[in-house]
Amino acid sequence: MAPMNNRLLVANQPAVGGLLDLVPGAAAAYSLRSLSNTYTDPVVTVRRSSDDTEDSFTATEVSDGTLAAFCGVGDGFVKQWWDQSGNTRHAIQTTTTYQPQIVSGGAVTLKDGKPALQFDGVNDRYKVGFTLGAYISMFSVVSVNATNDFIFDSYDTANINSVYLASSESFRFLMNLISGGAMPYRPYTLASQALLSMIHFSDDIRNAWVNGSDSGYTLAGSHPTVAPMNGITIGCAGSDNLFLDGTYQELIVYETDQTANRELIEGNISWGWS
Amino acid sequence: MSLAAKLPYDHAYAGGFPGLGAQPLPQDADCLDYLGRMAVADGAGVEVSVANAVDAFISGAKDAGVWDSIRASCVLAGARTLAGALVPLRDYGPELWTEQSPEIVNDASSCGSWDAATLTMTNSCVGSSGAHPLFQFNMGLSAAKSYTVLGRLSGDTSHIHSVWLGTATQLSYDKATGVISGTATPSGAASSKLLFYYNTTAAPTAVTIESLSVREVIAAPTNVANGFVEGDYSRTAGLTGDGATTYLDSGRNNNADPQDSVHHSIWVSAQGLAVSVPIGAGFNLTGATRCAVSFGTSVVTPRIRESAAQPGISDAPLSGSFFGYRRSAAAASLTRINGSDYARTTTSEVPFDGNVFVFADNNNGSPTAYTGATLAFYSIGTSLSLEDLDTSVTDLMNRIRFALVTGENPAGLDPATIDYVLRGYDAGGTLA
């Protein structure tokens, strides 16, 4: 055997997988961090207020000062939140007054120290139409400043699958038009960063979690005919009202039942945003 | 502010995610037992940050030597729901079984003996008694309390006739397996003792105590008439009484603790306005254990195992403070208010027989002197260092509030840092 010449051998350490490397197959995935180790495209396309010039930025560029430098002392608004799933279902808002803000006065908007899209509670939203049935797994990182603000909904009909802040201390998840019971406990502090999880695949597989805790979701009423979502609405109800006053940092939608992976996904998101 | 700190402590990734980070999880066995029972009541485990606050409290109380003296107690903050807040901090007292030599009573020609090295009971004579020799282990049990007894015997287990708490309370005993199990209240003669009745129908025979545990059962409190509702509960501040109808029956008899070894304590998150008894039993009856608190005029009037009111103390617990009192001897009681101790030398009386109430006094079975204060903790038990309990409870309250207000994990932070950050939040600041 050849001598090693006292060299220290260090095995190649496997890269920590991004969320979509660990749990691939998302129908749509939006984030201000890279969700895959192989994802190199931008995460946002931003319009700056000074001259309406647009440019696109990677997750690193959002955080390292590149985005802030692009906006100068002005503001920046997100025209496009890029879909990292590979399905090119980008969230695009061409109406400038409806675009969420990401830079304010030359500083990137932060929520708990990490970049965030600021929704104004007036008219900011994205609507992404695509073939999407009634059954989804949804994970999001948000904060909400006011009650009755919708965070997530179906594309063109309210409450196929949706979530909104029902009171200053509890979210309400609605799955297939059925009112979920109000949370029996108090999982939310107004305006705080929260991880919301929702899995709906049948009458029996239908639950929601707040920060990884069982929300105590309970069925109420009958279960009408299952209707397709036809896509998603980010930041208001599917009926284009009840706008979100708050922030978004991540939204991932699967068309598959992620019950088995829920804690893995929640763990990656929680630690990825901590 | 950390999403990771908000994960429930029993989440698969609460302790960390490979390559992304890690955080401490609660370690103390009693803490995990408490958190588990709370999670059942709440429907979900509390956040890692809150769980670590409780863990630091319990391990700190043990280090300070006050844990074993805490018997009936609830942390009325931190839990996700009112139901979780009413889960007893501990449902068992400390282990009472210690290796000891029993008193042996022979009868009808029985010949009992004890081998302390192997914890073995033997009978060397064939006698005519089906229940002798009698091995009596003095455990200091009280007929006012229930105990859970678990254990296993080996050897000639069929020759143990029966196992009793006192002479009138029989425990379940399986002669084939040697397993003892049961929860019962001692009664009859020798009620302070655990009794093994041996069978002398054959000899020689030997039975060894392989394992034995005797622990006091601590009752859960009762939200009487479901008077407290969810809206009365705050995760950070605690439970607010209405000063008129709402109170808890602690489930612990005032006489469950010795006449000259008792304490009561509370954490006052917000003062009540009227003269009231936030915790106590006995009103002005013999052996009352309660303090009337006049928040408005800052006077506390103690009765600590006594029917006559002691001279008032010109002080009253402020909002956000610990309040407690104890009796540690026949002529020594102490009341702690806002960090100051007030000692008295009045003589104790036989304790009033009735449960200790919280948010009210127990006047011979009827609640009286309700308080409208907000309380976030109470404890009832034997005498202890009120100063050390004050330190532990104050730290607990700050850590819970820190966890819930900042969303961060308080594990590893010293109390001064936590206090500083909280005062910053109270002044309108944030960590962001």
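At what angle do helix α5 and helix α6 of chain B pack, and how far apart are their axes? In this predicted model, the angle between helix α5 (residues 386–406) and helix α6 (residues 415–426) of chain B is about 50°, and the axes lie 10 Å apart. The arrangement of α5(B) relative to α6(B) is therefore oblique, a class that excludes angles under 35 degrees, over 145 degrees and from 65 to 115 degrees. The crossing in which α5(B) passes α6(B) is left-handed. On the side of α5(B), the contact is formed by Asp395(B), Asn398(B), Arg399(B), Arg401(B), Phe402(B), Val405(B) and Thr406(B). The partners contributed by α6(B) are Pro415(B), Ile418(B), Asp419(B), Val421(B), Leu422(B), Tyr425(B) and Asp426(B). By residue class, the contact of α5(B) with α6(B) comprises seven nonpolar, two polar and five charged residues.

Chain A contains four helices and 21 strands. Of its 274 residues, 55% are classed as buried. Contacts in chain A between residues at least 6 apart in sequence were also examined, and 68% of these join residues at least 24 apart.

Backbone geometry was considered next. Most residues other than glycine have a negative phi, and most peptide bonds are trans. In chain A, Asp52(A) has a positive phi of about 65° although it is not a glycine. This residue is placed in the loop that links β2 (44–48) to β3 (54–57) of chain A. Asp52(A) has a relative accessibility of 43% and so counts as partly exposed, the range for that class lying between 20% and 50%.

A positive phi, of about 70°, is also found at Asn148(A), likewise not a glycine. Asn148(A) is located in the loop between β12 (136–144) and β13 (150–154) of chain A. Because its relative accessibility is 40%, Asn148(A) counts as partly exposed.

In chain B, the peptide bond joining Ala203(B) and Pro204(B) is cis, with omega about -5°. Pro204(B) lies in the loop between β13 (193–198) and β14 (205–217) of chain B.

How values were computed. Residues numbered from 1 in each chain as written. Chains lettered and ligands numbered in written order. Predicted model: local features only at pLDDT ≥ 70, side-chain atom pairs only at ≥ 80, totals over all residues. Heavy atoms only, no water. Helix = DSSP H or I, 4+ residues; strand = E, 2+ residues; numbered from the N terminus. Buried < 20%, exposed > 50% of the residue type's maximum accessible area, 1.4 Å probe, protein only. Contact = heavy atoms within 4.5 Å. Axes fitted to C-alpha atoms, helices over the stretch in contact; angles between N-to-C directions. Left-handed = near helix turned anticlockwise from the far one by under 90°. Nonpolar A, V, L, I, M, F, W, Y, C, P; charged D, E, K, R; others polar.
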